[in-house]
Amino acid sequence: MTLYFDHLVHQVQSPENSRVFLNKRNIHTVNGGQHTMWGTYNTLSYFGLNYIEQIAIYDRDLFEQAAKLPYSLHYTFKNDKERYGFSRIALRTNNIEEQGARLHAMGLEVYGPDACSRTRPDGSVVEWKLLHFGKPGLPIDFPFLIEWAEEDEKRYLQLKESGAIDTNHTITMESVQFFVKDVQTMVALWQEVLELPEPQQHAQFTSLQLPNIRLDFYEKAAASTMTLGHLKEGPFGVTLEDANRTKETLIFPAAFYWVNR
């Protein structure tokens, strides 16, 4: 039951302003739409089927209701005192019910899968299922799982036809960086729960390899040199690769986009 990286969540004050900022720097970003059941809306930066979601609240009451679901994206944001920056990652699966049963058998708290949707600016509706899981007391939440209604090939073609995926751009998403105080314990836990290969040790970080991206875990000393100071456990950076451009760093509150790092 292989899991694939799907997207990285970036909590922002204004998705519209983030879209303008990123497009000016040749990070192709489009309007996503509204999650009418959660009171949130987003913009999206696609790199193939991998993407970064810039998300914000448009309806406070709906968001507060959504934040009551344990281990959900909104629950994490609320518990982080609505801190802007990178928040969570989502992993894609084709067998979300079986994943839920497996995680429950491991003794984890499991919620869902739940049917979800988003209305695009053109009025069309995107549908998927979400599964949230975890256990109390962890310094960072596990990824949440997503199963899209459409198969990957069909979804890719739809995204390309709509202009969400710009095939003129050669940029790819290579890795996501996390800060955790105890790398060894966290990496071992994620490897077991997500059924990933043995971790790889690098000079400054330890990595876990998904089929389509790498997750890099840094302890405080190494992460501090990359983030200009204050750190909170969780994702703090994303590495993008583009052979047609020079090295560049895009800096948001608690979120770094490294191009050709």
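**Cavity and pockets at a glance**

Gln11, Thr40, Ile55, Ala56, Ile57, Phe63, Leu73, His74 and Phe77 line the largest cavity. Two elements, β4 (50–57) and α3 (73–79), each give two or more residues to that lining. Please keep in mind that this is a predicted model.

**The cavity**
- Searching the whole structure for cavities of 30 Å³ or more turns up one.
- The space in the largest cavity comes to about 40 Å³.
- Its lining is made up of six nonpolar and three polar residues, with no charged ones.

**The largest pocket**
- This pocket has a volume of about 430 Å³.
- It is lined by 21 residues, and those closest to its centre are Arg118, Arg120, Ser124, Val126 and Leu159.
- Two or more lining residues come from each of β2 (30–35), β3 (40–47), β7 (125–134) and α5 (152–162).
- Among these elements, α5 gives the most, with four residues.
- Sorted by class, the lining holds 10 nonpolar, five polar and six charged residues.

**The second largest pocket**
- The second largest pocket holds about 320 Å³ of space.
- Thr76, Leu138, Pro139, Ile140 and Asp141 are the closest to its centre, out of 25 lining residues.
- At least two lining residues are supplied by each of α3, β5 (85–92) and β13 (234–241).
- β5 provides the largest share of this lining, four residues.
- In this lining, 13 residues are nonpolar, five are polar and seven are charged.

Definitions and conventions: Residues numbered from 1 in each chain as written. Predicted model: local features only at pLDDT ≥ 70, side-chain atom pairs only at ≥ 80, totals over all residues. Heavy atoms only, no water. 1 Å grid on protein atoms, 1.4 Å probe; cavity = no way out; pocket = protein on both sides within 12 Å on 5 of 7 lines; lining within 4 Å. Points joined across faces, edges and corners; volume = space filled by probe spheres on them. Nonpolar A, V, L, I, M, F, W, Y, C, P; charged D, E, K, R; others polar.
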